[in-house]
Amino acid sequence: MRERLSFKLSHLGNEARYDLSGSILDLRSAKTPLRFSFIYPAVGKSGCVVKLFKVLQTNMCENNCRYCAIRKDRNIPRLYFKPKELAGIFMEYYRKGEVQGLFLSSAVFKSPDRAQEMIIETLRILRRELNYKGYIHAKILPGVSYELIGETAKWADRLSINLEAPSGDYLTRLSEDKNWYELYRRLKLVSEVTRKFNLRAGAITQLVVGPANENDRDILRLTEHLYRGLKLSRVYYSGFTPIVDTPLENTPPAPWWREVRLYQADMLVDGHSNIRSCSLWR
Ligand code: SF4
């Protein structure tokens, strides 16, 4: 039983690494030795480092995004955590002081709403039954019903949904299953909901850099709109790395310096250099 749990934690933690919790600059300077594949450093804009328990509820996905390590057609072990099981194992690590917060994401299991409901149930158990008061970053899944965004916000401190690309044209090169305009509508709602519920760590998104042949001007135009128009807390840039046994396995990786430059430009666009306090909330 314990062995099975460790196996799931190791896989579903390792596969959660594609959702970023710090920029390439932050994470290089963090230098935090971590013992487990499901514990990751998260770096606030103030520069402080905390350890997050970052894991997928499940890697069983209905979709086939071309860049993704857990796309439906890829031959990998398929696993999931029941909500109670995941809440319990997280609390073990939290109580031991191994982690200071939770970042919970998921593949699209059966349907976006079904997968989101599993996330919501895990968070409800944590907050209501286990009395957990610490940090939670919860993922909003592509295609999810609008009302489930509000439901997730009841239990979280930060929400995110990944736009993946700077426009609909670019995204069609990466996925036939995701619609950029639908993602954008949900991100806008995520931003409104986080402000309405006064979520301490706000709303964020992430873009994959490189595989759609997008240019930096388009990325940074979008970034400016996301900070100034949608009032996002952060935008993350994930330099593309090809994964074997995916349709993009022969696409070259994004050079590391492109990601660095994007974060440098992002600092100028967002103008957040006045952040001083060390917290997870930004
Ligand atoms: S929906 Fe998410 S998990 Fe599923 S294939 Fe696309 S990127 Fe991967």
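**Loops, helix packing and ligand shell in a predicted model**

Lys-231 lies in the loop between α8 and β7 (234-239). Here helices (H or I, at least four residues) and strands (E, at least two) are DSSP runs, numbered from the N terminus. The structure is a predicted model, in which local features need pLDDT of at least 70, side-chain atom pairs count only at pLDDT 80 or more, and totals for chains, interfaces and linings use all residues. Residue numbers start from 1 along each chain as its sequence is written.

Lys-231 is not a glycine, yet its phi is positive, near 60 degrees. The residue counts as partly exposed, because it has 13 C-beta neighbours inside 10 Å. A buried residue has 20 or more other C-beta atoms within 10 Å of its own, an exposed one 12 or fewer, and a partly exposed one falls in between; C-beta atoms are placed from the backbone. Asn-213 also has a positive phi, of about 65 degrees, and is not a glycine. Asn-213 sits in the loop between β6 (203-209) and α8 (216-228). Asn-213 has 8 C-beta neighbours inside 10 Å, so it counts as exposed.

The chain holds nine helices and seven strands. Its radius of gyration is 18 Å, close to the 19 Å of the globule rule for 282 residues, so the chain is as compact as a globular protein of that length. This radius is taken over C-alpha atoms, and the rule is 2.2 Å times the number of residues to the power 0.38. Of the 282 residues, 44% count as buried.

Two packed helices are described by the angle between their axes and the distance between the axes. The axes of α5 (residues 146-153) and α7 (residues 180-196) come within 10 Å and cross at roughly 35 degrees. Axes are lines fitted to C-alpha atoms, for helices over the stretch in contact, and angles run from 0 to 180 degrees between N-to-C directions. Tyr-146, Ile-149, Gly-150 and Ala-153 of α5 meet Arg-186, Leu-189, Val-190, Val-193 and Thr-194 of α7. Contact requires C-beta atoms, placed from the backbone, within 7 Å. This contact has six nonpolar, two polar and one charged residues. Ala, Val, Leu, Ile, Met, Phe, Trp, Tyr, Cys and Pro count as nonpolar, Asp, Glu, Lys and Arg as charged, and the others, Gly among them, as polar.

The residues around the ligand include Cys-61, Cys-65, Cys-68 and Arg-71. A residue is near the molecule if its C-beta atom, placed from the backbone, lies within 6 Å of it. The shell has seven nonpolar, two polar and one charged residues.

Note on methods. Two residues are in contact if their C-beta atoms, placed from the backbone, lie within 7 Å.
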